Amino acid sequence: MSKNHRGKGIKDQYARGRGECPVCKRTGVKILYEHEAGEQKLKICKVCRAAIKSGKKTTAHLVADKPAEAATSA
């Protein structure tokens with residue numbers, strides 16, 4: 001049986017859905033899975049998605065802390 005339509009859903013994405021995973025920092029992997037880290041939505045790889053789901057990895061280090069507002073009064 002032919003597999004003509006394999007990967008059809010990612011052909012319209014930038015670089016065919018490949019890039020650097022923000023969690024594991026590997027390059028050239030498919031980053032197709034969305035994950036919420038704080039208020040951010042990140043695209044992560046399949047391996048990191050499974051590790052986060054099972055509790056082996058966290059995305060706490062990716063959450064950007066809000067910058068402290070400096071009180072500048074004149």
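In strand 4, His 35 finds its bridge partner in Leu 42. Helices (H or I, at least four residues) and strands (E, at least two) are DSSP runs, numbered from the N terminus. The model is a predicted one, so to speak of local features takes a pLDDT of at least 70 and side-chain atom pairs count only at pLDDT 80 or more, while totals for chains, interfaces and linings use all residues. Residues are numbered from 1 along each chain as its sequence is written, and side-chain values use heavy atoms, with hydrogens and water left out.

Back to the hairpin. Strand 3 (residues 33–37) and strand 4 (residues 40–44) run antiparallel and are joined by five bridges; two strands pair if DSSP finds at least two bridges between them. Two residues sit between the strands of this hairpin, and Gly 38 in the turn has a positive phi of about 70 degrees.

His 35 also meets Thr 59, through a polar contact between the two side chains at 3.4 Å. A polar contact here is a pair of N or O atoms within 3.5 Å; within protein, one must be able to donate a hydrogen and the other to accept it, and residues adjacent in sequence count only if both atoms are side-chain atoms. Thr 59 lies in the segment after helix 1 (46–54) and counts as buried because its relative accessibility is 9%. The cut-offs are under 20% relative accessible area for buried and over 50% for exposed, with partly exposed in between (1.4 Å probe, protein chains only). Neighbours within four places in sequence aside, Thr 59 is in contact (heavy atoms within 4.5 Å) with Val 23, His 35, Ala 37 and Ile 52.

Val 63 is placed in the segment after helix 1, and at 33% relative accessibility it counts as partly exposed. Not counting residues up to four places away in sequence, Val 63 touches Ala 37 and Gly 38. Its C-alpha atom is 9.5 Å from that of Glu 36, 27 residues apart along the chain.

The largest nonpolar core has 11 residues, among them Val 23, Ala 37, Leu 42 and Ile 52. Strand 4 and helix 1 are the elements that give two or more residues to this core. Such a core is a set of buried Ala, Val, Leu, Ile, Met, Phe, Trp, Tyr and Cys residues joined through side-chain atoms within 4.5 Å.

As for confidence, pLDDT (the predictor's confidence in each residue, from 0 to 100) has a chain mean of 83, with 85% of residues at 70 or more. Over residues 68–74 the pLDDT is below 50, and this stretch has zero contacts in the model beyond near neighbours in sequence.
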